[in-house]
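Me: I am new to protein models and would like to learn how to read one. Could you take me through it feature by feature?

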Amino acid sequence: AVEYELIPANPAGLRVDEALSLERHDVNLAKGTLTIGRAKTEAGIRVVDMTPAPRDELAAYLDRSKWKKPTDLVFPTAAGRKDNRQNIRQCLFIKAIERANVKLAELGIEPLGDVRPHGLRRSYASLRAACGDDPVYIAGQIGHEDVRFTLNVYAPAVKRRERMTKAERCEYDRAIEWAQWHELAQTTLKRSACLSQKKSQATRKPRASRASVGWAVLGSNQ
């Protein structure tokens, strides 16, 4: 189960402890959101949007998980208890970096250095900013009150792209394309909800009272 700790942490910009504290009732797969209800600051309490890829991965993982109660942890230990950040770094993150570096070497890209799990939040903010998301939205998703944090991330990200090699730019642009699926997913969800509402209203066809008919006619003449 521990291999899936990175599902929400990077694509959703969560802190490690936020991911480890998630309970099943905090996950809304239909809307593609995660509710962070426990945080040190008011800004930390928020609803985070997921991109389709991690949402689908999370759905598959939850379906296989034996911890089904609403209050069960999403990413527990084998005993169902809360995991810790040290274990995540040693058993998951370092191994993930090693695998990533093998792939980077095949592409002719320099390996990753001393990257910590918390650094995934900066990667998330950089991708969202590069996609053109509003800084206020990004800050809200990360759980920061200071929007200047987001602005400080955006400029360096753009500057780094200008100095990338061809292989690096290719992988960077693929990451941007992947991140932009968030916008498509949110648009699709809103459109589906709108169509469902219209369909529901059409099937009801309530009898209009004389008062409502009169109001409709009056409105049409204004």
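Me: Where is the place of P117?

Reply: P117 sits in the loop between α4 (85-107) and α5. Before we go on, this is a predicted model, where local features need pLDDT of at least 70 and side-chain atom pairs count only at pLDDT 80 or more, while totals for chains, interfaces and linings use all residues. Residues are numbered from 1 along each chain as its sequence is written, and side-chain values use heavy atoms, with hydrogens and water left out.

Me: Does P117 count as buried or exposed?

Reply: Buried means under 20% relative accessible area, exposed over 50%, and partly exposed in between (1.4 Å probe, protein chains only). P117 counts as buried because its relative accessibility is 14%.

Me: Which residues does P117 touch, not counting residues up to four places away in sequence?

Reply: Contact means heavy atoms within 4.5 Å. P117 touches V16, R89 and F93 on that count. R89 is 28 residues from P117 in sequence, yet their C-alpha atoms are 6.9 Å apart in space.

Me: What order do the elements of the protein run in?

Reply: From the N terminus on, read α-α-β-β-β-α-α-α-α-α-α-α-α. That gives ten helices and three strands. Of the 222 residues, 34% count as buried.

Me: Which residues have the most contacts inside the largest nonpolar core?

Reply: A nonpolar core is a set of buried Ala, Val, Leu, Ile, Met, Phe, Trp, Tyr and Cys residues joined through side-chain atoms within 4.5 Å. The largest one here has 14 residues, and L14, L22, L34, L58 and V74 have the most contacts inside it. β2 (33-36) and α3 (52-64) each supply at least two residues of this core. With three residues, α3 gives the most.

Me: Why does Q141 count as buried?

Reply: Q141 is buried because its relative accessible area is 5%. You will find Q141 in helix α6 (residues 135-142). Leaving aside neighbours within four places in sequence, Q141 is in contact with A12, R46, V47, V48, D49 and Y124. For D49 there is also a polar contact, a pair of N or O atoms within 3.5 Å; within protein, one must be able to donate a hydrogen and the other to accept it, and residues adjacent in sequence count only if both atoms are side-chain atoms. A polar atom of the Q141 side chain lies 2.8 Å from the backbone nitrogen of D49.

Me: And why does R128 count as buried?

Reply: R128 counts as buried because its relative accessibility is 4%. R128 lies in helix α5 (residues 119-130).

Technical notes: Helix = DSSP H or I, 4+ residues; strand = E, 2+ residues; numbered from the N terminus.
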